[in-house]
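Please keep the sequence and the structure in view while reading.

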Amino acid sequence: MLTHSLGGKTTASIVVMLGLLAVPYLSPSLARYRVMRAPWDHTEPIAAVNEAPAPLPALTQGETILGASKNEATVTNALPDAPAAGAGEGVPAPVAKSSGKAKNAVVVPVDDPSGHALDAFYTQLAKTRAKQKDAVTRILHYGDSLLTSDYISGTMRRRMQADLGDAGHGFLLTAKPWDSYFHNDVEHGASAGWRASRITGPLAKDGMYGLGGATFTGSPGATAYFGTSEHSKHGRNVSRFDIYYLETPDGGDVEIKLAGNTETFSTKGEAKISRVKSLSVADGEAKMSLRVVSGKPRLFGVVLERDEPGVVYDALGANGARVELLSGIDGAHWGEQMSLRKPSLIVLQYGTNESEAPGIAANYEKTLTAVIEKIKAAAPSSSILIASPLDRAETTEGGALRTKPVIKRLVAAQKRVAEATNVAFWNTYEAMGGEGSMAAWVKRGLGGSDLTHPSPAGAEVLGDRLYKALNAGFDAWSSRHPNGASP
């Protein structure tokens, strides 16, 4: 976040300037006055109603060369330290009837026909609420560009940690595989010298992408750093850094610098096996850096955690991702990663890129079902929640905005799969307000001018509504399990 250490007229001038720069991002009609493209804006214009969608690019094997990068907060991608007053006012109310504890709250509940889909998650959450020793609740939120920019997940992380305890920021990719990759409340950057394979392409030949859908190979001299936030009031503490890497025959040596100490570890081994290198530090602000010394070490990312009860929320988005791309992850490898991470809840939120076509693929439900079963095999002790795509608007021939019909079909298909596979389902589309909600959100500055993505303020509204839905579900579960354990 931006610092506030300056004073007097200089500060006032900066505030006014930033305010003026931010105004064009509040309305699509002011887009031509923007100094840079917002991350929620597509490069390509929205297709006309009857226009055939562009074919999906063929995914090839290989690596993409990454340049130097830094996790930088701007007015177009970062959450404010405090929610904007009235940010959620004036937008369509959720479709579902009121429920939950909060007075006058309107909550779209989590659907769980079996009544047990979230048992594992809620059982661990009860331990965290009771502040039991080492009771960390880890949530893995997979998705597309919505999660690549830490939208929704950033708000969920802040809300849950404020209420239940801050157990650390969570998982960060080694470097920046997509231009819009950003995380709130953390310091992170990398030098040039890294290459990446991603589930969105170019693909890794062995299907081993680690926890976050991207694997990185560093050449000697390549560096990366990871640390607590220097500016935000959130994310200020860490007590352990966990380096997730792949032990391989052609691995190499990596130098670590942390708290004034330097050590080197090897990633070489006889076979490809998922490993974690853990380093402890006094709880508080800290930064760790990595440097490739020799060979071709293959790293996935670094986790920032604290050794105390609380919540950790991993945002695992991949730009342009569709749920079918998770099928390309090696099952045994994914199981290794889940065993190391030990998540209590896995959230899947896809559909935006599937909606590029006028209709959904004939085998969509079969594909989604297969992915769910693959996750169950990889993480048998975790709960699973499908979160539907957001509303998405399109312009009719008459110039009006309407909900893209395929969105409603995707939401319905995901709900059917959730029921058939006994996993939970949350209707993001209804939580926005249902039919026509994206058009209303765009007018309020909560939706992007691409008619598809939320703005940071809109993402915060959605994160707040998901948080309330899970809270309401937990309260109902707790009334049935007064001892905090599933049957």
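At what angle do the axes of helix α2 (residues 119-129) and helix α10 (residues 456-480) cross? In this predicted model, the two axes come within 10 Å and cross at roughly 85 degrees. Because angles from 65 to 115 degrees count as roughly perpendicular, α2 is described as roughly perpendicular to α10. The contact between the helices has seven nonpolar, three polar and two charged residues. From α2 it involves D119, F121, Y122, T123, L125, A126 and R129, and from α10 L470, N471, G473, F474 and W477.

**The parallel sheet**

Several of these strands belong to an open sheet of five strands, in the order β15-β3-β16-β17-β20, with parallel pairing. Its edge strands, each pairing on one side only, are β15 and β20 (424-426). Direction ignored, neighbouring strands of this sheet are turned by 20 degrees against each other on average. Within the sheet, β3 and β15 run parallel and are joined by eight bridges; T137 has V311 in β15 as its bridge partner.

Which helices lie across strands of this sheet? Helix α7 lies across β17 and β20, running at about 160 degrees to β20. Helix α10 lies across β3, β15, β17 and β20, and its angle to β20 is about 145 degrees.

**Antiparallel strands**

Elsewhere, an open sheet of six strands has antiparallel pairing and the order β2-β5-β8-β13-β10-β11. Strands β2 (69-70) and β11 (261-266) are its edges, each pairing on one side only. Strand β6 (residues 194-198) also takes part in antiparallel pairing, with β1 and with β7. Strand β6 is mostly covered, with four of its five residues buried.

| Strand | Partner strand | Bridges |
|---|---|---|
| β1 (residues 64-66) | β6 | three bridges |
| β6 | β7 (residues 214-218) | five bridges |
| β10 (residues 252-258) | β13 (residues 287-295) | seven bridges |

Individual residues can be followed in each pair. I65 has R195 in β6 as its bridge partner, and W194 has G218 in β7. L258 stands opposite M288 in β13.

**The nonpolar cores**

In soluble globular proteins, nonpolar side chains tend to be buried together. In this model, which residues touch the most other members of the largest nonpolar core? They are Y142, W194 and M288, in a core of 75 residues. Helix α7 (residues 405-421) supplies the largest share of this core, namely seven residues. Another core, of 44 residues, lies apart from it and includes V108, I139, L466 and A469.

Methods. Residues numbered from 1 in each chain as written. Predicted model: local features only at pLDDT ≥ 70, side-chain atom pairs only at ≥ 80, totals over all residues. Heavy atoms only, no water. Core = buried A, V, L, I, M, F, W, Y, C linked by side-chain atoms within 4.5 Å. Buried < 20%, exposed > 50% of the residue type's maximum accessible area, 1.4 Å probe, protein only. Helix = DSSP H or I, 4+ residues; strand = E, 2+ residues; numbered from the N terminus. Axes fitted to C-alpha atoms, helices over the stretch in contact; angles between N-to-C directions. Parallel < 35°, antiparallel > 145°, perpendicular 65-115°, else oblique. Contact = heavy atoms within 4.5 Å. Nonpolar A, V, L, I, M, F, W, Y, C, P; charged D, E, K, R; others polar. Pairing = 2+ DSSP bridges.
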